[in-house]
Amino acid sequence: MVEVSFLRSWTSSMTGIDVPINIDIRYIFRRGDSGFYSYAIFDRHEGMPAVKVDQIRFVFRLNKDRFNYMALSDTRQRRMPTMRDVKTGQVLAYPEAVLLTKPHNPQFTGEVDDKYQYSCENINNTVHGWISLDSDPTVGFWMITPSNEFRNGGPIKQDLTSHAGPITLSMFVSPHYAGKDVTMEFEEGETYKKVFGPIFVYLNTASSENDNATLWSDAVQQFSKEVQSWPYDFPQSKDYFPPNQRGAVFGRLLVQDWYFKGGRFQYTNNAYVGLALPGDAGSWQTESKGYQFWTRANAKGYFKITNAVPGDYNLYAWVPGFIGDYKYNATITITPGGVIKLNSLVYNPPRNGPTIWEIGIPDRLASEFHIPDPYPTLMNKLYTKKHSDKFRQYGLWKRYSDIYPNDDLVYTVGVNNYRDWFFAHVTRSTGNKTYEPTTWQIIFEHKNDIISGNYTLQLALASAADSNLQVRFNDRSKDPPHFATGRIGRDNAIARHGIHGLYRLFSINVSSNLLVKGKNIIYLRQSKADTPFQGVMYDYIRLERPPAI
């Protein structure tokens, strides 16, 4: 084995030229491996000036004359247009999205290509790469990431993978699908040290009739081997934590909602449970500096987090099917070789009273709502077969103006279902690159007498992009509105073909004097309308009546 270190030490003479961080990039080659490992060590000493860091990544640009087939998953793989095809195409609403007009391969004519169409969540961003399908022998080049501990934003943050170029990326830190909220900001003199990686760059060859399937399958198997070997015991940096210097946390998470199944304890099957730097509940979404360690609870809510780097953390969780975020009330201190066994933990999700009605599924996604068909002239053929991938098509935000050219969405409780709810609350085009705010309505009947006290509107957002969501009850012109989020969101998930960005929950008190017996209307107005990409995606909406006395 040989490990090579390329160290760039920052000095005051580099002020304003290079980022004030000592950066050590390492490559490891081992006899018998078909590839190499690489990692980076970022180190800030006292006295270094303040700095903001948006992105940290490894980038590999492959031979454009050889690598022509890209694979991201079992179903997301295809021959790809070249970078020349992209550069000679017609730029659409933003520079990354291009209509291919003169591709070298006629099969791509009329398709849209956009690097953000190939993004995925960290939890699934495990192996991807390229194949030189027409060479002899056929060669595969793969980016394998055996752990997410060094990535920012937690397990469901989305990021780039591979795209036309041919380019393969390993993203460690980025603002993609989150915005500047996740930017790493260092104050003057703030010290810092973190190891990003190692990742494994794997190469394989095949000479069968089904080369792409053979190479992809082999790369997936190699990923499994790397996971079994994680954390590695061979990196030589003293800043890397080998297996015997890490700790673990075991426990069980239950959920108790007093108005769900009689308030009985429920198993948190598939709950996300993780360690991240101390902060408020849900702060892991925007945390970029520290390590994060996540797992999924089993069918009975038991979880185990292994191989955690020593340090102080909070334990966080969120449970699909329930709103809100959980945070354990004590600091978790991981020590080398230490094992922490927690008692059964109980999450009480936000709830003030029984459900009157609900829209959607509380899973932090907008995928259950109506996702329109893409424009036939603006399609990526990779996503024409699976409905679950339809949201990755270009231009879906524009379809709202087609479906609702004059009047906005009206949802009647008991008549409509969530499939009728448009997936993104966006602006409406009025022509000449101008846009207007849109106001959605939820109509419902309150058959019984109004109960004195506060009702609650639980409003969970899956995404927000430069928006101000205003909520009014039975008075469309109320100024100021009964509730407003204020300006929120920079995740840009609408434009970048994401079905979610950062999660936000608003529990809105609704005075009983705002509602009436009989027909009621809730008005949801997204008031900012400078671009086609401003808007929100809803995760889940629920109206609760006051609690019984």
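Biologist: Why does Arg 399 count as buried in this structure?
Modeller: This is a predicted model, and in it Arg 399 has a relative accessibility of 18%. Buried means under 20% relative accessible area, and because 18% falls under that limit, Arg 399 counts as buried.

Biologist: How do you know that Arg 399 forms a salt bridge with Asp 402?
Modeller: The closest N and O atoms of Arg 399 and Asp 402 are 3.2 Å apart. A salt bridge needs a side-chain nitrogen of Lys or Arg within 4 Å of a carboxyl oxygen of Asp or Glu, and therefore this pair qualifies. Side chains of opposite charge can pair when their charged atoms come close.

Biologist: Where do Arg 399 and Asp 402 lie, and how many residues apart are they?
Modeller: Both lie in helix H3, which covers residues 399-403, and they are three residues apart, about one turn of the helix. An α-helix has 3.6 residues a turn, so residues three or four places apart point the same way.

Biologist: What makes Asp 402 partly exposed?
Modeller: Asp 402 has a relative accessible area of 41%. Partly exposed is the class between the buried limit of 20% and the exposed limit of 50%, so the value of 41% places Asp 402 there.

Biologist: Why are Lys 64 and Asp 65 called exposed?
Modeller: The relative accessible area of Lys 64 is 58%, and that of Asp 65 is 64%. Exposed means over 50%, so Lys 64 is exposed and Asp 65 is exposed as well. The side chains of these two residues also meet in a salt bridge, at 3.5 Å from N to O, which is within the 4 Å cut-off.

Biologist: Are Asp 389 and Arg 392 buried or exposed?
Modeller: Asp 389 is buried at 8% relative accessibility, and Arg 392 is buried at 10%, since the limit for this class is under 20%. Asp 389 and Arg 392 form a salt bridge too, with the closest N and O atoms 3.1 Å apart. A search of the whole structure finds 27 salt bridges, and some residues are linked in a network, namely Asp 43, Lys 193, Lys 238 and Asp 239.

Biologist: How do you know that the span of helix H2 agrees with its 19 residues?
Modeller: Helix H2 runs over residues 211-229, and at 1.5 Å a residue it should span 27 Å. The end C-alpha atoms of H2 are 27 Å apart, which means that the expected span and the model agree.

Biologist: Which residues of H2 are buried?
Modeller: The buried residues of H2 are Asp 211, Asn 212, Leu 215, Trp 216, Ala 219, Gln 222, Phe 223 and Glu 226. They cover an arc of only 120° around the axis, and therefore they are on the same side of H2. The strands that these buried residues pack against include S3 (35-44), S12 (127-131) and S18 (192-206).

Biologist: What makes the nonpolar surface patch, and which strand gives the largest share?
Modeller: The patch, of about 340 Å², is made by Val 2, Val 4, Phe 6 and Phe 29. Its largest share, three residues, comes from strand S1, residues 2-8. Val 2 is found in strand S1. Patch residues need over 30% relative accessible area, and Val 2, partly exposed at 44%, therefore passes that cut-off.

Biologist: Why is Gln 256 said to be buried?
Modeller: Its relative accessibility is 11%, and because this is under 20%, Gln 256 counts as buried. Gln 256 has its place in the loop between S19 and S20, and among the residues it touches are Phe 265, Tyr 347 and Pro 349.

Biologist: What is the phi of Lys 261, and what is the peptide bond from Asp 136 to Pro 137?
Modeller: Most residues other than glycine have a negative phi, and most peptide bonds are trans. Lys 261 is not a glycine, and yet it has a positive phi of about 50°; it lies in the loop between strand S19 (247-255) and strand S20 (266-267). The peptide bond from Asp 136 to Pro 137 is cis, with omega near 0°, and Pro 137 has its place in the loop between S12 and S13.

Note on methods: Residues are numbered from 1 along each chain as its sequence is written. This is a predicted model: local features need pLDDT of at least 70, side-chain atom pairs count only at pLDDT 80 or more; totals for chains, interfaces and linings use all residues. Side-chain values use heavy atoms; hydrogens and water are left out. Helices (H or I, at least four residues) and strands (E, at least two) are DSSP runs, numbered from the N terminus. The expected span of a helix is 1.5 Å times one less than its number of residues. Buried means under 20% relative accessible area, exposed over 50%, partly exposed in between (1.4 Å probe, protein chains only). The arc is that of the directions from the helix axis to the C-beta atoms. Contact means heavy atoms within 4.5 Å. Patches are made of residues with over 30% relative accessible area and no salt bridge: like charges are joined within 9 Å, nonpolar side chains (Val, Leu, Ile, Met, Phe, Trp, Tyr) within 5 Å. Accessible areas come from the Shrake-Rupley method with a 1.4 Å probe; for residues, only the protein chains shown count as cover.
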